[in-house]
Amino acid sequence: MSDTLSKIEKRTAYILILPAVFLVFSIILFPIFANVWISFKEVGLKDIRIPEPRAKKIVKSIKDNLDQLKIIYKLRNSSLILEIRDVKFQDKLPKNIKPINLDERCRVKSNKIYCEFGNWEAKYRENFQILLQSSDDKPINKEKLKTIKPKLTGKSDNILLNTNFTLKNFKKVFFQNEFFDLLTTTFYYTFFGTIGSIIFGILTAQLVNQKFFGRTFMRSVLLFPYVGPVVALAYTWELLLDPYSGTLNNLLMNFQVIQEPLNLLGQKYLTINFFGFDIKLRLALTTVIIFEIWRYFPLAFLFILARLQAVPKELYEAAEVDGAGPLQKFINITLPQITAVISILFMIRFIWNFNKFEDIFLLTGGASGTRTLPINVYEQGFTISDIGMGSAVSIVIVALLLIFMFVYFKLIGKRADEN
Amino acid sequence: MKTKSLIYYLLISSIFLFSLVSIWKILVTLQGVELKNFNFAIIITLGIAISLLNLIIGEKLNYLIKSSLFALIFTFVDGYIVQVMPIWYNIGIFAILIFFSLKINKYNQKYLASEHSSQIVVFDFLTLFGIVLFSFVILFPFYMMLITSFKTQAALLINPLDFSINFNQDFKELFKSYFVIFDTYNFGRYILISTFVSVGTVIVTLIFAIPAAYAVARLNFFGKNFLSTSILIIYMFPAIVLVIPLYTVFSQLGLRNSVGGLLIVYTATTLPVAIYMLQGYFRSIPKELEEAAIMDKLNWFGIIIKIILPLSIPAISSVALYVFMIAWNEFLFSLMFLDNPNSFTLSRAIQYLSGDAETPRQYLMAGSVVVTIPVLLIFVYFEKYLVSGLTAGSVKG
């Protein structure tokens, strides 16, 4: 009895879960594996279009003969690379019309023309003509003829499905692509963005954890950058930071903080004289990191605030009795209470910042020393139109990601063991 | 009174005052008033003087009289002696000084003599400073976005610092950028598409997620633990590594440039977190209710519809709002999949607009306002629900 019950339970569970699992599998897991496949192939953006046989229909009248018409089909293979096999053609004719002197590749059957064109090599073109004769002396309706579209079918190889593999892409990724540069930029962006957002998260959480007028309003406002659409925010910042018409530069120049406008998003290095030392600052990268901190510190803020609000008040009261000042309270009570949440945040944000694409893409497009690995995926795949290379860079990202996750779950597991 | 506390108090309070006054000066400059200097030395000196006077006077004067006195002195020096400023600037300065004086009122000689007083002073002012500074830094870009959308190209070029809006002009003139993006750039259509995609994503996600979450929360089956961990791992995976294979497959299947294709992808990417959030909530519902239902011969469909759903309205709302927000804000996939202006979402349309260097910036900002306002309104109104979504998921990236 209970055996059948648990069987029913299992079956129900699978029915309930399967649709979701199927969808997630096909849209998330399948592409990750597909990346591996594509990364070992030489595929360009234009190769992924399946070759299609196409026909453009032109209807022409014949001088002094209203009973006859000529149709010209401009036939072509849409692909510049692949051939199409067994091209079949089909077009409909109005009832009172018969073709004359029909091409030997074609035949007529109940008002339809069927043709078999055989194989078309890449770039194939042909002007194919049919002469039509009205069978009942009425003039042929040209407009009606134009509206009927021919149908073409054919078989072709899919470049993605053949088994020609190459290591070229990975060689290019590691040796030609200034890979080291990409990696360091990505790490700078990820690391400082993560640390910055956590620091600001701690500060703001500490702030909002106190009582003051307008506190709930403040809490909403602090989350605005995180919930706002990235496109709107990135373009607003771009306008704000513009060297000529931007508000920030004009304000700084107005108050004589700087003499020359700074191209915050378009300049790779800024040399700062610091006590006699020239320091080369990666200007655009720093700006992008600041935007990232601005946009993502609210997440850290939320997590840390939730944790702070769960800290028992007695701890602080007891510390006060013992004569601890605000600084001691922060270091000895608050910090230990939030280290766990900070380490989780660090890992989550690290992984997410590592993969961040939109923010940099919208602000700089990856120029001026802000090219990270995700930006490179897009550039390889869609700017240079090399799908294989784009996939290879994706694979590198996935590999690094798996390492991070391994470390993360190891650490989480360790923490769970300790508690 | 300790010297260290005194020095901390004087310095920190005057720096705080300086930053308040400076922010006010920035805002005033943006209204077209010519101001070239923050007058750091003068403001700091005045601030130290006022803070010192506050200690000396202590409670000999009523705090309201004391505050008004400080405010008057400061406003007079700053607004008439250092530079002559319009009256409304001075009113602002006066208000800031009243606020400041009330804040420093609690510090007296006895207070500064107490233990940890130097630390407390620093913490107090850092808090105030933080509130003001963070509000300013966060709200300023939003403020700029809104103002720019009401300006004209010429006005923006002549004086980029002029944020003042002329309300005397014709309604049509004032909202010109908005009329243009709706009439010329078809934003009405994009709003519809964005709404359709986002609402569609919410509905489809819930249809898939609710049964799955119920199974994970309540039923025993082989591979359950594996599935739970997989959910966690899957939502760590970034969109950028999915883009190329999805692009190729969608191209070949003819799903690019279709709203349906976008809907599938959005649903799949939000499903893991939706399941994760819902199953957590379903677990908290007492099992006895379902056992009674099984007695009444309800099947799982009946249980979900009649028992689980009515009890989970808060959790379902927060998932729905959260998913709506992700879909509405999503950019990467809409960039990849849509290149026909007939099927653009709002985000993609704005990005497309900006691609043309000739597009006036105020149109771009008007578009940005249009895409931002719905999310911010939803967020402010339903904050309670959304915050729980944000903390549970944190998957937006």
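Arg105(A) is partly exposed, with a relative accessibility of 29%; here buried means under 20% relative accessible area, exposed means over 50%, and partly exposed lies in between (1.4 Å probe, protein chains only). The model you are looking at is predicted, so local features need pLDDT of at least 70 and side-chain atom pairs count only at pLDDT 80 or more, while totals for chains, interfaces and linings use all residues. Residues are numbered from 1 along each chain as its sequence is written, chains are lettered from A, and side-chain values use heavy atoms, leaving out hydrogens and water.

Now let's see what Arg105(A) touches. Its side chain forms a salt bridge with Asp103(A) at 3.2 Å, N to O; a salt bridge is a side-chain nitrogen of Lys or Arg within 4 Å of a carboxyl oxygen of Asp or Glu. Asp103(A) is partly exposed too, at 25%.

Arg105(A) also meets Glu126(A) in a salt bridge, at 2.6 Å. Glu126(A) sits in strand E7 (residues 125-134), whereas Arg105(A) is in the loop between strands E4 (97-100) and E5 (106-109), so this pair ties together parts that are 21 residues apart in sequence. Strands are DSSP runs of at least two residues, numbered from the N terminus. Glu126(A) is buried, at 18%. Through shared partners, Asp103(A), Arg105(A) and Glu126(A) join into one network.

Elsewhere, Glu320(A) pairs with Lys329(A) in a salt bridge at 2.7 Å, and Lys329(A) is buried, at 18%. Over all chains, the count is 13 salt bridges.

Finally, step back to chain A, which is divided into domain 1 (51-156) and domain 2 (177-385), with bounds from an automatic or database domain assignment. The C-alpha centres of these two domains lie 63 Å apart.

Note on methods. Helices (H or I, at least four residues) and strands (E, at least two) are DSSP runs, numbered from the N terminus.
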